[in-house]
Amino acid sequence: MRRSIAAAILALVLGACGGPATDNGTTTTGEGEPVSLVLYSGRNENFAQPVIDAFTAATGIEVEVRYGGTGDLATTIAAEGNASPADVFWAQDPAFIGGIAKQGLLAPLPPDVLGLVDSRFSDDDGLWVGITGRSRVFIYNTDLVSEGDLPSDIWELTEPAWRGRFGIAPTNGSFVAFVTGMVLAEGEERTLEWLKGVAANDPVIFDGNGPIVDAVVAGDLPAGLTNHYYLLQRVAQLGEVPARNHFFSSGDPGGLVMATGAGVLASSANPDAAADLIRYLLSAESQAHFLTLFEYPLVDGVGTPAGQLALDELPTLNVSLTDTADTLEPALALIAEAGLN
């Protein structure tokens, strides 16, 4: 199934070239019918639904949410084209929503929405806006890996010392987004060299980031490539655990700081209400909720996950998140060529 999803996304990329509020606060269409929205969400239900419910309570706008993997939903939107029932796409990474934007399937967002977030975390053409930030990290079990043995860069993961000792989720959207950044920074040839080197080093393959973290925390696996907040969530659930996040230095592809992003479908029948939903995702209340789940709020003044560096202090790869859409196709192809799909 994972292979077919990746192939479908790649094939589609290769082939792709509201109304006023009433007195009771319920948004209606011009004909007086209550507005409802369809949201395609690559964020999971536990993360997103509390905010969606709060939006409905505040506005009276009902939201039907279709949850799924970001890549799967991007594939669906590309296939549906202008007939998509979705009003809003909320993706877990910039590459896939950027790919949808490049196909002309997103509408420009209002300037006031875009202005809520630093421009480095939004689309250069204003077609999607960042909602939260997340950093790629190398999680390791402190009983199995000493600090002195941690890799100084991702290239070390192709060396014999790490053979069979780390996990990856190569079909997960976050890993794909990381590879898009690597292609931008290092080029396709160098990226393929790394992917083949990793594949030859017998990594443990997972479907997602959560299982990698669980295996490392349990001591079943020394280390893995994942996102920063998974470990913070496990600590909140379990208390102190024998695991730490290792951040690669700025300029290393392994340290990409990504944005989850949301955009309004160009085919939406209720674009104003759709923009209101995204505006609500960037409200102080919503951003505070995301902070409790240890992602980085992208709106100034909301805060920083406890014990973490501030967002502007995180080491990162200096690439344009908008440009990751341009390298989505080669990233998927390179992952497949390396045999990691």
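**Getting to know the predicted model**

Biologist: In which helix is Thr-180 found?
Modeller: Helices (H or I, at least four residues) and strands (E, at least two) are DSSP runs, numbered from the N terminus. Thr-180 is found in residues 173-186, which are helix 6.

Biologist: What should I know about the numbers, and which pLDDT do local features need?
Modeller: Residues are numbered from 1 along each chain as its sequence is written, and side-chain values use heavy atoms, without hydrogens or water. This is a predicted model: totals for chains, interfaces and linings use all residues, side-chain atom pairs count only at pLDDT 80 or more, and local features need pLDDT of at least 70.

Biologist: Is Thr-180 buried or exposed?
Modeller: Buried means under 20% relative accessible area, exposed over 50%, and partly exposed in between (1.4 Å probe, protein chains only). Because its relative accessibility is 0%, Thr-180 counts as buried.

Biologist: Which residues have the most contacts inside the largest nonpolar core?
Modeller: A nonpolar core is a set of buried Ala, Val, Leu, Ile, Met, Phe, Trp, Tyr and Cys residues joined through side-chain atoms within 4.5 Å. The largest one has 91 residues, and those with the most contacts inside it are Phe-89 and Trp-194. The largest share of this core, 7 residues, comes from helix 6. So the names you asked for are Phe-89 and Trp-194.

Biologist: Which residues surround Trp-194 in contact, leaving aside neighbours within four places?
Modeller: Phe-175, Phe-178 and Met-182 are among them.

Biologist: How many bridges join strand 1 to strand 2?
Modeller: Two strands pair if DSSP finds at least two bridges between them. Strand 1 (residues 36-41) has 5 of its 6 residues buried, and within this pairing Ser-36 has Glu-62 as its bridge partner in strand 2. Strand 1 and strand 2 (residues 62-67) run parallel, and the number of bridges joining them is 6.

Biologist: What handedness does the β-α-β unit of strand 1, helix 2 and strand 2 have?
Modeller: A crossover is right-handed if, with the strands pointing away from the viewer, the path from the first strand over the helix to the second runs clockwise. The unit made by strand 1, helix 2 and strand 2 is right-handed.

Biologist: Which side chain makes a polar contact with the side chain of Ser-283?
Modeller: Ser-283 lies in the loop between helix 10 (271-281) and helix 11 (284-292), and it counts as buried because its relative accessible area is 15%. A polar contact is a pair of N or O atoms within 3.5 Å; within protein, one must be able to donate a hydrogen and the other to accept it, and residues adjacent in sequence count only if both atoms are side-chain atoms. A polar atom of the Ser-283 side chain lies 2.7 Å from the backbone oxygen of Tyr-280. The side-chain partner, at 3.2 Å, is Ser-286.

Biologist: Which residue with positive phi follows helix 11?
Modeller: In helix 11, Ser-286, Gln-287, His-289, Phe-290 and Leu-291 are buried. The buried residues of helix 11 pack against helix 2 (45-59), strand 3 (88-91), strand 5 (129-141), helix 10 and strand 11 (296-297). After helix 11, with a phi near 75 degrees, comes Phe-294.

Methods
Contact = heavy atoms within 4.5 Å.
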